[in-house]
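I opened this entry to keep track of what I looked up, in the order in which I looked it up.

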Amino acid sequence: MTPAISVAGLTRHYRDQVALDHVSLELEAGSITGLLGRNGAGKTTLLRILAGQEFPSTGDVRVLGAPPAENDQVLRRMVFVREDQAYPDFKVGHALRAASWFYPNWDRELAGTLAEDFNLRPKKSIKKLSRGLRSALGITIGLAARAEVTLFDEPYAGLDAVARQIFYDRLLADYAEFPRTILLSTHLIDEAAALFESVVVIDQGRVVLEAAADGLRGVATTVSGPVLAVDEFTTGRAVWNRRRLGSQASVVMVGPLVEADRAEAQSLGLDLVPLTLQQLVVHAAGWPGAAGPGASAPANPEGVRA
Amino acid sequence: MPEMAGLDEGTPLFTQIADRLAAEIADGGLAEGERVPSTNELAAFYRINPATAAKGINLLADDGLLEKRRGIGMFVAGGARQRLLGQRREQFTERYLRPLLTEATRLGIDAGELIELISDFARQQAGDTTASPARGGVPV
């Protein structure tokens with residue numbers, strides 16, 4: 001099967017600054033992928049190139065089998081919702097109608113439901129919307145377009161927790177009924193983690209981790225307790241990070257644990273707390289206090305396509 | 001944090017889904033021959049990716065605890081409850097006795113004393129339930 005998105009050796013630089021550095025990536029059709037990484041890591045550049053809004057310096061980009069830039073055939077089957085999307089000076093209702101003309105799979109009913117959920121009034125001028133409501137409009141268009149390839153770049157600036165939950169719930173419900181390829185960049189990793197089938201972590205323009213999201217859970221564990229016991233338990237195992245306070249130590253240990261490990265930890269009086277996806281990304285993407293996967297090759301956690 | 005109907009963050013969600021369905025079958029909440037929730041129902045309830053929910057269901061199906069009926073969905077297989085209860089019995093020692101003994105040893109409680117504690121406690125529990133049948137009532 002042709003992947004919905006396929007990128008090979010993609011590099012983009014602005015003068016002497018490298019935004020993307022030999023990125024290669026393939027996303028299957030019918031999956032939700034989280035695009036994660038720090039500010040300035042290159043997430044937006046990648047999404048803009050996928051959306052045909054920017055050209056790569058070098059490399060090959062294919063969306064639905066063809067280069068997206070200036071390709072109407074591809075662009076109509078794809079929607080891109082960006083952070084702080086700008087709109088022309090018209091009303092909410094106009095924006096929704098314009099979108100309905102552009103996107104062949106547009107679902108009017110879904111757009112109406114979402115607008116109601118978010119309290120978006122059609123008569124309201126977009127200029128006068130709050131930041132959160134402008135994000136809600138972007139999300140409404142992004143979901144109701146039901147495009148085969150749906151790109152969201154931090155789509156929820158200014159949205160409150162309730163509205164974000166509405167977004168997640170509606171996204172899952174509509175995706176379950178109409179599977180498509182969704183790529184969502186976000187900083188709210190723990191919040192969105194359960195939506196993802198796979199995650200791609202970018203750091204300094206490079207892909208540092210590409211893995212099945214569920215396979216990453218429980219891949220690393222924080223072991224804490226008395227220094228001697230922690231040392232005994234972690235000897236000979238891959239460790240990312242070690243901290244110590246007096247007689248207590250806390251170590252991030254890589255690799256899945258088996259029942260016997262848990263029993264051993266318990267008899268040593270150690271606490272084991274699995275890392276969440278968000279904590280894992282902090283370790284993977286350039287936190288100076290942690291040796292990243294590139295450095296210590298943690299793991300090929302199960303499901304990682306290195 | 002998202003609200004995932006009680007799932008936790010640190011272990012693969014698909015195994016948690018499988019564990020929960022298995023527990024429901026073992027407790028009789030899902031009877032043999034009954035339809036189990038669909039992938040999409042599970043995804044919506046737990047707020048997780050449908051592929052993750054499907055993986056959880058498939059884990060039980062591969063184990064023969066669920067069976068697929070074409071076009072209708074997944075159903076609890078015959079004998080599933082007995083098998084799950086058997087597995088739980090096998091795990092009882094590792095899951096409950098070992099930690100109990102570990103902590104007892106730490107506190108200097110020997111096996112004899114522990115057995116005594118357990119039977120005392122069991123008696124007390126039995127007494128409690130007969131004395132106050134209105135469990136879950138208004139606390140005084």
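How are α1(B) and α4(B) oriented relative to each other? I kept in mind that this is a predicted model. I looked up the two axes, which come within 8 Å and cross at roughly 110°; since angles from 65 to 115 degrees count as roughly perpendicular, I noted that α1(B) and α4(B) are therefore roughly perpendicular to each other.

I then listed the residues at this crossing: B:Ala22, B:Ile25 and B:Ala26 in α1(B) meet B:Ala80, B:Arg81, B:Leu84, B:Leu85 and B:Arg88 in α4(B). By class, I recorded 6 nonpolar and 2 charged residues in this contact, with no polar ones.

Next I checked the length of helix α1 of chain B, residues 13-26, whose 14 residues should span 20 Å at 1.5 Å a residue; the end C-alpha atoms are 20 Å apart, which agrees. Just after α1(B), I found that B:Gly28 takes a positive phi of about 85°.

For burial, I noted that the buried residues of α1(B) are B:Leu13, B:Phe14, B:Gln16, B:Ile17, B:Ala18, B:Leu21, B:Ala22 and B:Ile25. Their cover includes α2, α3, β2 and α4 of chain B, together with α8 of chain A.

Notes: Residues are numbered from 1 along each chain as its sequence is written. Chains are lettered from A and ligands numbered from 1 in the order in which they are written. This is a predicted model: local features need pLDDT of at least 70, side-chain atom pairs count only at pLDDT 80 or more; totals for chains, interfaces and linings use all residues. Helices (H or I, at least four residues) and strands (E, at least two) are DSSP runs, numbered from the N terminus. The expected span of a helix is 1.5 Å times one less than its number of residues. A residue is buried if 20 or more other C-beta atoms lie within 10 Å of its own, exposed if 12 or fewer, and partly exposed in between; C-beta atoms are placed from the backbone. Two residues are in contact if their C-beta atoms, placed from the backbone, lie within 7 Å. Axes are lines fitted to C-alpha atoms, for helices over the stretch in contact, and angles run from 0 to 180 degrees between N-to-C directions. Angles under 35 degrees count as roughly parallel, over 145 as roughly antiparallel, 65 to 115 as roughly perpendicular and the rest as oblique. Ala, Val, Leu, Ile, Met, Phe, Trp, Tyr, Cys and Pro count as nonpolar, Asp, Glu, Lys and Arg as charged, and the others, Gly among them, as polar.
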